[in-house]
Amino acid sequence: MTSDFIVIRDTTPAAAIPRGTVVAMGNFDGVHLGHRAVINAALEMARLRNTTALAVTFEPHPRSYFSPSTPQFRLTDEASKLRLLAGTGLGGAVVMTFDKGRAGTPAQDFIHHDLIERLGISGIAVGYDFHFGKGRVGSPSLLVAEAPRLGIEVDVQPHIDFDERPVSSSAIRMALAEGQVAEASTMLDGPWFVTGEVIHGKKLGRDLGYPTANIRLPASCGLRHGIYAVRVGRGAERFDAVASFGRRPTFDNGAPLLEVFLFDFAGDLYGQVLDVAFIAFIREELKFDGIEPLIRQMNDDSARARAALAAAPLAFPRLGPIG
């Protein structure tokens, strides 16, 4: 990982943008295996050219712009995506604002203004299915056709398959919706994770002998409700834990909440920001007839979570610092 990962935005002065870089371009939601193939191609191209490799990505996600009223289950918000990109060896990221102006920019104008004039790229890597520009008419084939005239190198990466189908952000969302976190981890090349601030709850877990760190996830989160073995990050520290994500049907059937019980931990976590990586699915969310059967089940959940985590002692996303 690099300690000087830079973030370039639309407001970054041109003089502060390094010239001659190689870029990996995509939305990079989740930074999955397919994305990593594109990133690795850019890194290799940059190595051969003795230059820096950057990611070019877009915020908000174009789907959110075109369908603002439709909830979008993002695998990674902007900050999480940048931390994952920083963990790949890239030297930085160019975050382009996806708004009305950019959505209406013809593909040729995007290539010439954004990539050549503003960024001054010497090479670009993209995935086989990446499209850009007004009407999404920009394509890998267009970049290949334009490359000789522009004097840049273009690398188009084919799809990466898992279980006889292409790895995609949509396939990972479907896996998480079914609680298949191990399958999602394979496609992501590391556990799926969320980041959030610990908030005050109703202290129900404390009364049961399982005090939890509660984190409110976005309403659009499509993760299956249930019990999970998780690994928690607080800065450089790591803690094994068991977590419940759901509506607590035994108590109030309220809004979905992530409740995390850290094993062998004592301390106040309120207001702190935690990374929670999902390692294994334990069971679906259930309603119990009383406190005693619930506690017995929680004891069993904890034992199963400890076993799953012991079998994957190093499982955690590879994250880098953002400069």
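Predicted model: local features only at pLDDT ≥ 70, side-chain atom pairs only at ≥ 80, totals over all residues.
Helix α6 spans residues 140-150. Its buried residues are Pro140, Leu142, Leu143, Glu146, Ala147 and Leu150. Viewed down the axis of α6, these buried residues fall within an arc of 145°, so they line one face of the helix. The face turned away from the buried side carries the exposed residues Ser141, Ala145, Pro148 and Arg149. Cover for the buried residues of α6 comes from elements including α5 (107-118), β5 (123-127) and β6 (153-157). Gly151 follows α6 and has a positive phi, near 75°.

Helix α5 has buried residues at Ala107, Phe110, Ile111, Asp114 and Leu115. These residues cover an arc of only 115° around the axis, which puts them on the same side of α5. The elements covering them include β2 (22-25), β3, β4 (92-97), α4 (100-103), β5 and α6. Gly120 follows α5, and its phi is positive, near 65°.

Two helix pairs were examined for packing geometry. Two packed helices are described by the angle between their axes and the distance between the axes. For α5 and α6, the angle is about 50° and the axes are 12 Å apart. The crossing of α5 past α6 is right-handed. On the α5 side, the contact is made by Ala107, Gln108, Ile111, His112 and Ile116. On the α6 side, Leu142, Leu143, Glu146, Arg149 and Leu150 take part. By class, this contact of α5 with α6 has 6 nonpolar, 2 polar and 2 charged residues. Among the α6 residues in the contact, Leu142, Leu143, Glu146 and Leu150 are buried, whereas Arg149 is exposed. On α5, Ala107 and Ile111 are buried and also belong to the contact.

The second pair is formed by α7 (residues 169-177) and α8 (residues 181-188). These helices pack at an angle of about 160°, with their axes 8 Å apart. That angle is over 145 degrees, so α7 is roughly antiparallel to α8. The crossing of α7 past α8 is left-handed. From α7, the residues Ala171, Ile172, Ala175 and Leu176 meet Val181, Glu183, Ala184, Met187 and Leu188 of α8. By class, the contact of α7 with α8 has 8 nonpolar, no polar and 1 charged residues.

Backbone geometry was examined next. Most residues other than glycine have a negative phi, and most peptide bonds are trans. The peptide bond from Glu59 to Pro60 is cis, with omega near -5°. Pro60 lies in the loop between β3 (53-59) and α2 (62-66). Glu164, a residue other than glycine, has a positive phi near 65°. Glu164 sits in the loop between β7 (161-162) and β8 (165-166). Its relative accessibility is 82%, over the 50% cut-off, so Glu164 counts as exposed. Asp189 is also a residue other than glycine with a positive phi, here near 60°. The loop between α8 and β9 (193-197) holds Asp189. At 34% relative accessibility, between the 20% and 50% cut-offs, Asp189 counts as partly exposed.

Val260 is placed in strand β13 (residues 257-262). With a relative accessible area of 1%, Val260 is buried. Beyond its neighbours within four places in sequence, Val260 is in contact with Pro211, Thr212, Ala213, Val230, Val232, Ala241, Val242, Ala243 and Val276. Val260 and Arg231 are 29 residues apart in sequence, and their C-alpha atoms are 9.7 Å apart in space.

Gly34 is found in helix α1 (residues 33-49). Its relative accessibility is 17%, under the 20% cut-off, so Gly34 counts as buried. Not counting residues up to four places away in sequence, Gly34 touches Ile160 and Val167. The C-alpha atoms of Gly34 and Ser169 are separated by 9.2 Å, although these residues are 135 residues apart along the chain.

Conventions:
Residues numbered from 1 in each chain as written. Heavy atoms only, no water. Buried < 20%, exposed > 50% of the residue type's maximum accessible area, 1.4 Å probe, protein only. Helix = DSSP H or I, 4+ residues; strand = E, 2+ residues; numbered from the N terminus. Arc of directions from axis to C-beta. Contact = heavy atoms within 4.5 Å. Axes fitted to C-alpha atoms, helices over the stretch in contact; angles between N-to-C directions. Left-handed = near helix turned anticlockwise from the far one by under 90°. Nonpolar A, V, L, I, M, F, W, Y, C, P; charged D, E, K, R; others polar. Parallel < 35°, antiparallel > 145°, perpendicular 65-115°, else oblique.
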